[in-house]
Amino acid sequence: MAAGGKFGFQLLSRTFGFMEDREIKDLFMKWGLQGFLSVQTYMFEKQFQAYQKDDFVLDFLRDPKVTSTLLMPSKRGGLSAVGSAAASVTAKAVPCSILSMDFFDRLRADGLVHEDGRICGCFDEYVEGFTISDEIRKMLLMEESDHYDLYSDVEKEEFLFLLFRHVVLGGGCCQYEDSVDPYLTTVKTIYKQLLSVQKDPTTKALQVISNVFRVTALDDKGNTYYPSEDPDHPQNFCYLLVDPLKRHVTVFSHVYGGSPF
């Protein structure tokens, strides 16, 4: 245990299949995500409880073993160590209770997607820096969409929905898909590999045991610097996924940028 009861961290040599898979890497490139995503896992030394999230995240983003190794994507592409310790942090709990991709069946049922998977198009509009030319992106970004309430506000906070949103909106140089299937298969793979699950001893049903937090780090002037200087952009994000049993924390982050080349 670290001195003073603080959480201590050590970087692990862990790789994730979705970052190495050739097909997914090609999709990340197509969607403008390749070169702007980072995934790393650290181990920690003491028992974690969800109520400790603020102390945990602050200790994490102040630990020299983290700040010297935690990679931060840049708007121009490429990764570099965060370097500086946080003066303060924000940590918002993100629910991750959904265990079935049936969650997205209503995209077809409500007419955003054809039965063969093709996404229904719409007249081009430009919102928040994104070109909207199909009903899914319109549902994600425009309150005027007939389908904006297809998912409740509570459902839109779920980690699975957020992953879907991040993948669909993509990066600064994004070629959008005509079919929903590549989005769904990629999101399913990422979700399964990032989260830890176990069987309930009574019901035998699977349940997510990971705690997920969306975090930012601020300097001593109160300015956000991690994962980006623009924390309000929907595609600038950092999630900490804490496995309390293994005592692992995985960092999944992205910065919205242009071409990495």
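Analyst: On a 1 Å grid over the protein atoms alone, a cavity is a set of points where a 1.4 Å probe fits but cannot get out, and a lining residue has an atom within 4 Å of a point. The model is predicted: local features need pLDDT of at least 70, side-chain atom pairs count only at pLDDT 80 or more, and totals for chains, interfaces and linings use all residues. Residues are numbered from 1 along each chain as its sequence is written, and side-chain values use heavy atoms, with hydrogens and water left out.

The count is 1 cavity of 30 Å³ or more. The largest cavity has a volume of about 70 Å³; a volume is the space filled by probe spheres set on the grid points, which are joined across faces, edges and corners. Its lining consists of Phe28, Leu33, Leu37, Leu163, His166, Val167, Ile190, Phe237, Phe252 and His254. By class, 8 of the lining residues are nonpolar, 2 are polar and none is charged. Here Ala, Val, Leu, Ile, Met, Phe, Trp, Tyr, Cys and Pro count as nonpolar, Asp, Glu, Lys and Arg as charged, and the others, Gly among them, as polar.

Two elements supply at least two lining residues each: α8 (159-169) and β13 (248-254). Helices (H or I, at least four residues) and strands (E, at least two) are DSSP runs, numbered from the N terminus. α8 gives the most, with 3 residues.

Now follow His166 and His254 from the lining to glutamine 235, which touches both of them. Contact means heavy atoms within 4.5 Å. Glutamine 235 sits in the loop between β11 (224-226) and β12 (237-243). Glutamine 235 counts as buried because its relative accessibility is 0%; buried means under 20% relative accessible area, exposed over 50%, partly exposed in between (1.4 Å probe, protein chains only). A polar atom of its side chain lies 2.8 Å from the backbone oxygen of histidine 166. The side chain of glutamine 235 also reaches the backbone oxygen of glycine 170, at 2.8 Å.

Key
On a 1 Å grid over the protein atoms alone, a cavity is a set of points where a 1.4 Å probe fits but cannot get out, and a pocket is an open set with protein on both sides within 12 Å along at least five of seven lines; lining residues have an atom within 4 Å of a point. A polar contact is a pair of N or O atoms within 3.5 Å; within protein, one must be able to donate a hydrogen and the other to accept it, and residues adjacent in sequence count only if both atoms are side-chain atoms. Lists of a residue's contacts leave out its neighbours within four places in sequence.
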